[in-house]
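Could you keep the structure open while you read this? Here are some notes from going through it.

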Amino acid sequence: MYRRTISATLLLLVVISTLELKAGAQSQTDASRQATQVGAASLTRNFYFIFDGSGSMSESLTKQCAGDRRFGSRLEGAKWAVEQFLPLMPRDVNLGLWIFDADGNRERVPLGPGNHETFLTEVRKTRASGNTPLTESIEQGVNRLVQQRDQQLGYGEFRLIVVTDGQATGRPLPQAVNYAREQRIPIYTIGLCIGEKHELRKYSVSYRAADSIEALKRGLEETLAETSVFDPKTFSGR
């Protein structure tokens, strides 16, 4: 009887130890899965574009801009500029696209790799109409870049590039600018046919006044050439 009791006790201890080992292994596996889900360090560059398809983009290029007989409107010229620029974008860059136009104010291409063709397709589909909700669009663009930065554990490069031909309508623009500053996301702006007076000129790390479609194309190209060093202190947001 005594021996049976000892054997049963030993068997129970073995079972308990086995269960504890399995639980520990499962816990380590779960922790590993959680770490994978959070993200991984990456130096990938990220460019999120806000493309203006407001009603004023249907205007002729002869209004406040150098005329070009190749294009019947600002929007046609802007689409051409993107077509010329996109092949220069490295294939290993994450691209994202937000458009406001006749089809609404929303994301058209989620930030990610290998989507150059989708990006171009969505730009070509843009139909000019409506107001210029830059404030809301910038905030959404900042959110997308911050999410990706978290996925890359703070590594990499992140730029918000705004292509617009008008002043913001709706909520005050400084609200979005201050938010971008707080989140340490730099804004690069190309103002088409609006000169140097656009409000974003005060807040952008880089501002280019494009007075022609060729200038717009060069402005897009320059967003790739800008230094990757971003100091939030130089981005006043006020």
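The points below cover one arginine, some ring contacts and a helix pair.

1. Keep in mind that this is a predicted model, and every value quoted here is computed from it.

2. Start with R74, which sits in helix 2 (residues 74-85). Is R74 buried or exposed? Its relative accessibility comes out at 2%, and the cut-off for buried is under 20%, so R74 counts as buried. Leaving aside residues up to four places away in sequence, R74 touches a list of residues that includes S56, E59, K63, D165, L192, C193 and I213.

3. Now the rings: there are three aromatic pairs. One of them is F49 with F119, edge-to-face, at 5.3 Å centre to centre and with 75° between the planes. F49 belongs to strand 1 (residues 45-52) and F119 to helix 3 (residues 116-124), so this pair ties together parts that are 70 residues apart in sequence. Both F49 and F119 are buried.

4. R70 lies over the face of its ring, 4.6 Å from the ring centre.

5. Last, the helix pair. Helix 4 (residues 134-151) packs against helix 5 (residues 173-182) at an angle of about 15°, and the axes are 8 Å apart. Angles under 35 degrees count as roughly parallel, so that is the label for helix 4 and helix 5. The crossing is left-handed. On the helix 4 side the contacts include L134, I138 and V142, and on the helix 5 side they include L173, A176 and Y179.

Technical notes: Residues are numbered from 1 along each chain as its sequence is written. This is a predicted model: local features need pLDDT of at least 70, side-chain atom pairs count only at pLDDT 80 or more; totals for chains, interfaces and linings use all residues. Side-chain values use heavy atoms; hydrogens and water are left out. Helices (H or I, at least four residues) and strands (E, at least two) are DSSP runs, numbered from the N terminus. Buried means under 20% relative accessible area, exposed over 50%, partly exposed in between (1.4 Å probe, protein chains only). Contact means heavy atoms within 4.5 Å. Rings of Phe, Tyr and Trp (its six-membered ring) pair if their centres lie within 6.5 Å; planes under 30 degrees apart count as stacked, over 60 as edge-to-face and the rest as tilted. A charge sits over a ring if NZ of Lys or CZ of Arg is within 6 Å of the ring centre and within 35 degrees of the ring normal. Axes are lines fitted to C-alpha atoms, for helices over the stretch in contact, and angles run from 0 to 180 degrees between N-to-C directions. Angles under 35 degrees count as roughly parallel, over 145 as roughly antiparallel, 65 to 115 as roughly perpendicular and the rest as oblique. A crossing is left-handed if the near helix is turned anticlockwise from the far one by less than a right angle, and right-handed if clockwise.
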